[in-house]
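Good morning, and thank you for making time for this presentation. I would ask everyone to look at the sequence and the structure together while I speak.

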Amino acid sequence: MGADVWDRLVAGGAARRFRPGDVLLPQGAPPTHVLALVGGRVKVRLTLPDGEVLLLAVRGPGEVLGEISVLGGDDRSATVIAIDPCDTRVLPADRFRAVVRETGAEAEFLRRALRRLREGEEWRAETAALPAAKRVVRALLRLTVPGDGELDVGLNQTEIGQAVGLSRGVVAAELARLRELGVVTTARRRIVITDPDGLRVLAGWGRLTVGNRTIAPPDPRQGGE
């Protein structure tokens, strides 16, 4: 968003820190405030009426959290949970709406909401149509927030599965294949992308050379679930 809007939000909010695993915004809660995420990453999770959990997104520094509920006057549509220690600024709903009005940022936030809606629709279409291999690869790319140093995904295998509609076992098998190709490393509850360009190739764009081997993108007729 525009620097003037962001600066106003950060300057006008009260500082609050969250530890990994803390809930920043609970699903179903009233829209009393927004959070400006200054540092750290969060995951956005939706719990369906039948108890099924879907992982919707990962957000990083520079994001405003909970703004759609505040602007629309609806209860929180999803739960936001800290992945890392998170530094935020809390703005009451009325103060946030005043900043939006005074800076003329209504259209900007509408564009953000529509962009996220389009992203969600594209992801759902891929989940319905693509094989497991591509779904896992594209999830890793989508859910990784760039930062300093290595690209730590910040999610476990179960959560990757919740993002793309796959079981933990299928995700583990696909990660093992990616580990053999040298594009990721894995440890207990940790996934690190070591070759982002190679992972983009496996997502369906071009070819990747590893040693003496040329690896084509996954065949959509194979490895599906």
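This is a predicted model: local features need pLDDT of at least 70, side-chain atom pairs count only at pLDDT 80 or more; totals for chains, interfaces and linings use all residues.

The chain contains 8 helices and 13 strands. Of its 225 residues, 45% are buried. Among contacts with a separation of 6 or more, 70% are between residues 24 or more positions apart.

Let me turn to the sheet of 4 strands. This is an open sheet with the order S1-S8-S3-S6, and its pairing is antiparallel. Its edge strands are S1, residues 14-18, and S6, each of which pairs on one side only. As a reminder, strands of a sheet pair through backbone hydrogen bonds.

Going across the sheet, S1 and S8 are joined in the antiparallel sense over 5 bridges. Within that pairing, Arg 16 has Thr 88 in S8 as its bridge partner. S8 is also joined to S3, by 6 bridges, again antiparallel. There, Gly 39 stands opposite Asp 87 in S8. On its other pairing, S3 is joined to S6 by 2 bridges, and these two strands run antiparallel as well. The bridge partner of Leu 35 in S6 is Leu 65.

How enclosed is S3 by the rest of the structure? In S3, 5 of the 7 residues are buried, so this strand is largely enclosed.

Now to the helix that belongs with this sheet. Helix H3 spans residues 93-103, and its buried residues include Ala 93, Phe 96, Ala 98, Val 99 and Val 100. What covers these buried residues? The cover includes helix H1 (3-12), helix H2 (67-72) and helix H4 (106-129), together with strands S3 (33-39), S6 (64-65) and S8 (86-92). After H3 comes Gly 104, which has a positive phi near 65°.

S4, residues 42-47, pairs with S5, residues 53-59, in the antiparallel sense over 6 bridges. One of the facing pairs is Thr 47 with Val 53 in S5. The two strands make a hairpin with 5 residues between them, and Gly 51 in the turn has a positive phi of about 95°. S4 also pairs with strand S7, residues 79-82, in the antiparallel sense over 4 bridges. In that pairing, Lys 43 stands opposite Ile 81 in S7.

The order is S9-S11-S10, and the pairing is antiparallel. The edge strands, S9 (151-152) and S10 (184-187), each pair on one side only. S9 and S11, residues 190-193, are antiparallel partners over 2 bridges, and Asp 152 stands opposite Val 192 in S11. Helix H7, residues 168-181, lies across S10 and S11 and runs at about 125° to S10.

In soluble globular proteins, nonpolar side chains tend to be buried together. The largest nonpolar core here has 30 residues, and those touching the most other members are Leu 140, Leu 143, Leu 155, Ile 160, Leu 178 and Leu 199. At least two residues of this core come from each of S5, helix H5 (132-143), helix H6 (157-164), H7, S11 and helix H8 (196-202). H5 gives the largest share, 6 residues.

Leaving aside neighbours within four places in sequence, Leu 143 is in contact with Leu 55, Ala 57, Val 58, Trp 123, Val 153, Leu 155, Ile 160 and Ala 163.

Thank you for your attention.

Methods
Residues are numbered from 1 along each chain as its sequence is written. Side-chain values use heavy atoms; hydrogens and water are left out. Two strands pair if DSSP finds at least two bridges between them. Contact means heavy atoms within 4.5 Å. Axes are lines fitted to C-alpha atoms, for helices over the stretch in contact, and angles run from 0 to 180 degrees between N-to-C directions. Buried means under 20% relative accessible area, exposed over 50%, partly exposed in between (1.4 Å probe, protein chains only). A nonpolar core is a set of buried Ala, Val, Leu, Ile, Met, Phe, Trp, Tyr and Cys residues joined through side-chain atoms within 4.5 Å.
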